[in-house]
Amino acid sequence: MPESLSPAQARRIALAAQGFADPMPTGMPDRRHLRRVLGRIGLLQMDSVNVLQRAHYLPLYSRLGPYPTSLLDRAAYRGPRELFEYWGHEASLLPVETHPALRWRMAAARTSAWGGMRQIATEQPQLVEWVRDEVRARGPVTAAEIEHDAPRETGNWGWNWSAVKKALEFLFWSGEVTAATRTTAFARRYDLPERVLPATVLDAPTLAPAAAYRQLVAVAARALGVAAEPELRDYFRLPLAGTRVAIAELVEAGELLRVRVPGWPSPTYLHAQARLPRWVRASTLVSPFDPLIWERGRTERLFGFTYRIEIYVPAPQRVYGYYVLPFLHGDRLAARVDLKADRKAGVLLVPAAWIEPGVDVADTALALAAELHRLAGWLGLSAVAPPVAGDLAGPLAAALAGITGVR
């Protein structure tokens with residue numbers, strides 16, 4: 001690798017590191033493909049929004065194409081577990097081998113967990129102990145299944161969480177309980193780690209914080225390919241001082257290389273095993289919660305693509321739409337499309353579609369139309385509705401009209 005990279009080279013390195021330069025499976029994706037993707041990206045962010053598909057399923061789709069979601073469900077919620085839920089980059093599914101590197105966060109729950117959780121642990125320790133005993137006796141169990149038996153609570157916090165829910169989430173943050181399964185409504189069923197996680201994982205030595213930071217920064221660096229310090233820290237939401245020490249140690253060990261990229265912060269770091277492909281021929285939609293675009297400043301530097309999630313923006317103030325997915329075509333984010341799955345009608349709705357500047361409109365419309373039909377088929381929908389708004393709506397509608405079938 002050269003000591004200086006062009007923006008185009010940095011973009012291809014980043015896409016390859018995230019698995020977008022890997023070949024799509026020729027048959028039905030299996031656990032080997034799942035492991036390959038997780039080996040690339042390190043974790044899957046979770047989110048409760050289900051207007052299209054749950055967030056943790058979409059990064060695998062973007063890299064593998066249509067795959068059975070049961071593949072991920074089995075890895076996360078059936079033994080032998082390969083994944084577990086915890087706070088990685090927000091709520092996440094992580095490889096179980098990462099557990100020892102996150103115990104520093106569990107140990108710091110009383111100072112680092114969100115306010116309501118810390119408050120319940122401090123002010124109502126007897127309730128936390130009661131909830132822990134209930135999980136031990138009745139788990140796996142949801143918060144709703146034990147709330148009615150709980151001692152009288154003293155008020156709500158946050159998203160109207162009950163005291164029991166806050167206690168459960170404190171125990172989850174501290175690693176004293178974990179997610180055994182999820183209900184169809186996406187509620188966690190909590191249980192004790194020793195009844196959920198492999199014994200080999202629980203018996204593995206706990207990493208000291210400095211060693212844990214180094215391991216997590218190394219995972220982030222490999223997943224990003226090329227990144228500045230803020231992105232390496234953001235991947236697992238690590239403390240600033242610990243991240244800087246970890247980066248310095250990885251540079252000294254030769255795992256990270258300092259490089260220059262025009263328009264990027266200095267120094268920028270390149271993973272020593274990063275690959276620079278001659279081209280990237282991806283053509284897929286990318287989730288708003290995909291690690292490729294987690295750090296919005298990096299997304300702008302890589303793709304010239306300004307992206308914000310507008311879920312929480314009042315409808316009249318939205319620029320592009322409620323649940324907007326970028327469209328990766330080649331090595332560019334060439335368009336963005338607002339999507340909604342109308343499961344009752346069996347239709348993939350397209351409230352809006354937008355083209356990026358300097359992109360071939362006809363080619364992008366044809367590729368996006370094919371991708372929308374592929375996505376609809378994966379979601380079990382039988383049709384794609386014409387787009388309603390946006391400067392790509394007309395060309396995309398024409399391209400969709402020329403496609404028959406849903407795959």
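**View 1. Domain 2 and domain 3 of the predicted model.** The C-alpha centres of domain 2 and domain 3 lie 39 Å apart. The chain is divided into domain 1 (7-98 + 205-271), domain 2 (113-197) and domain 3 (308-405), with bounds that come from an automatic or database domain assignment. Because this is a predicted model, local features need pLDDT of at least 70 and side-chain atom pairs count only at pLDDT 80 or more, whereas totals for chains, interfaces and linings use all residues. Residues are numbered from 1 along each chain as its sequence is written, and side-chain values use heavy atoms, with hydrogens and water left out.

**View 2. The packing of helix 7 and helix 10.** Two packed helices are described by the angle between their axes and the distance between the axes. Helix 7 (residues 115-123) and helix 10 (residues 163-173) pack at about 100 degrees, with axes 8 Å apart. Helix 7 is therefore roughly perpendicular to helix 10 (angles of 65 to 115 degrees count as roughly perpendicular). The axes are lines fitted to C-alpha atoms over the stretch in contact, and angles run from 0 to 180 degrees between N-to-C directions. Helices (H or I, at least four residues) and strands (E, at least two) are DSSP runs, numbered from the N terminus. Contact means heavy atoms within 4.5 Å; helix 7 contributes Gly116, Met117, Ile120 and Ala121, and helix 10 contributes residues including Phe170 and Trp173.

View 3. Strand 9 and strand 10 (residues 324-330) run antiparallel and are joined by 4 bridges. Leu285 stands opposite Phe327 in strand 10.

**View 4. Two cis peptide bonds.** Most residues other than glycine have a negative phi, and most peptide bonds are trans. A cis peptide bond joins Gly139 and Pro140, with omega about 0 degrees. Pro140 is in the loop between helix 8 (125-138) and helix 9 (143-147). Another cis peptide bond joins Ser266 and Pro267, with omega about 5 degrees.

**View 5. The positive phi of Glu90.** Glu90, in strand 3 (residues 90-95), has a phi near 60 degrees. Glu90 counts as partly exposed at 30% relative accessibility (buried is under 20%, exposed over 50%, and partly exposed in between, with a 1.4 Å probe and protein chains only).

How values were computed: Parallel < 35°, antiparallel > 145°, perpendicular 65-115°, else oblique. Pairing = 2+ DSSP bridges.
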